[in-house]
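I set out to record what I looked up in this structure, entry by entry. The sequence and the model are shown first, and the notes follow.

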Amino acid sequence: MKTIAAVTHEKGQLSIEEVELAPPKVSEVLVRNIACGVCHTDAAGLHQFIPVALPIILGHEGVGIVEAVGAGVESLKPGDRVILSYPSCGTCSYCIAGHPYACDHLNELFFSGTFKDGTKRFSQNGQEISSFFGQGSFSQYVVVDARNAVKVAIDSDDELAKLCSLGCGVQTGVGAVLNGLKAQAGSSLVVFGCGGVGMSAVMGAAIAGCSTIIAVDVNDERLMLAREFGATHTLNGKSVDVVKEIKKITNGGVNYSVESSGLSHLTLTAIECLARLGKACVVSVTGPETVALPIEMGLMNPSVTLMGLTEGGSNPQVMIPQLVEFYKAGKLPVDRLVKFYDLKDIETAFADSHSGVTIKPIIKF
Ligand SMILES: [Zn+2]
Ligand SMILES: [Zn+2]
């Protein structure tokens, strides 16, 4: 069948074109996307910081309606509303143990552009086109594996369109707090970077019952918004000594920190501000940069933990329905982060995400 998509033929380029989409194979489903979020990982693919195979259709936060299912799909049927998430193989030991975010085939399934059988679904004039994250959701129609399509109890298309980032950014932020750090009620937590992931981590800390929630950013407007989502304290990293202020607020150091800014030197700050036995979790894409970590005085002596985590340690089929319930209960007001764009304005959506004008741009079909 034909579909309209934003195709990237060369680094940094997006053009709206008609492409061919193959029918779903045995474990796959055809989805008509209603909307797709723009995530910083899409920008990393677009600019080849992550060297994805071109040509490619980016987009990995699609939401839509199932239109057809492969012969082996039992979990979904035509008409189901779904939130699309990241792919995983389903057969490696990590997937079997319930940790698909640590799938042995993660890098190839996220970035190689192919499905788990090594083939592609999009093409144009006989040339194959890659699908980013096993989706390529900057396309009105996509074929995805049923493992990464999560059926959700949402009544309207308009409501569903606001929830694109549950499939990636929101589960990354909330999951870092609930699954990764396992933050305890009454504890203190700091979030570095108030983008979509960081704001979700603030909301996650509020859900966990943290009593002190500190948001750090360089944009005062975002810091004000973070307070509405549960931050008890905010710090502008441009104007204060962040470590000193965090230690003052928490009387010596914070129990947990989440690094979501993508600035690698802030990983050191996220460790430095911890109390003894504290835990720091890095969730963002930083590229190949390195930092020098004082092992003894930074890690060993204070008995702190530094962890990295993909997709918030979330199993989408379990986590996304939970996030939907938090949203319905008013505990996860992610609809307040979004702004809608037409597919033809996708370059503006990327620019607004980059400049920080919009926290979560969403392409609506
Ligand atoms: Zn796997
Ligand atoms: Zn993402």
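I took four donors as tetrahedral if all angles lie between 85 and 135 degrees. Donors themselves are N, O and S atoms within 2.8 Å of the metal (3.2 Å for Na, K and Ca), and water is not among the atoms, so sites may look incomplete.

Conventions. I worked from a predicted model, in which local features need pLDDT of at least 70, side-chain atom pairs count only at pLDDT 80 or more, and totals for chains, interfaces and linings use all residues. Residues are numbered from 1 along each chain as its sequence is written, chains are lettered from A and ligands numbered from 1 in the order in which they are written, and side-chain values use heavy atoms, with hydrogens and water left out.

Zinc site. Which residues coordinate the zinc ion (ligand 1)? I found the SG atoms of Cys 89, Cys 92, Cys 95 and Cys 103, at 2.3 to 2.4 Å. The angles among the four donor atoms run from 104 to 117 degrees, and the site is tetrahedral. Along the chain, the donors follow the spacing C-x2-C-x2-C-x7-C. I then checked burial (under 20% relative accessible area, with a 1.4 Å probe and protein chains only). Cys 89 counts as buried because its relative accessibility is 7%; Cys 95 counts as buried because its value is 9%.

Sheet. I traced an open sheet of five strands in the order β1-β2-β7-β8-β4, with mixed pairing. Its edge strands, β1 (2–7) and β4 (56–57), each pair on one side only. Strands are DSSP runs of E of at least two residues, helices runs of H or I of at least four, both numbered from the N terminus; two strands pair if DSSP finds at least two bridges between them. β1 pairs with β2 (residues 15–21) in the antiparallel sense over six bridges, and Lys 2 stands opposite Glu 20 in β2.

Cavity. I searched a 1 Å grid over the protein atoms alone, where a cavity is a set of points that a 1.4 Å probe fits but cannot leave, and lining residues have an atom within 4 Å of a point. The structure holds one cavity of 30 Å³ or more. The largest cavity has about 80 Å³ of space, and its lining includes Pro 87, Ser 88, Phe 115 and Asp 145.

Terms used:
Tetrahedral: all angles 85-135°; square planar, octahedral: opposite > 155°, others 65-115°. Buried < 20%, exposed > 50% of the residue type's maximum accessible area, 1.4 Å probe, protein only. 1 Å grid on protein atoms, 1.4 Å probe; cavity = no way out; pocket = protein on both sides within 12 Å on 5 of 7 lines; lining within 4 Å. Points joined across faces, edges and corners; volume = space filled by probe spheres on them.
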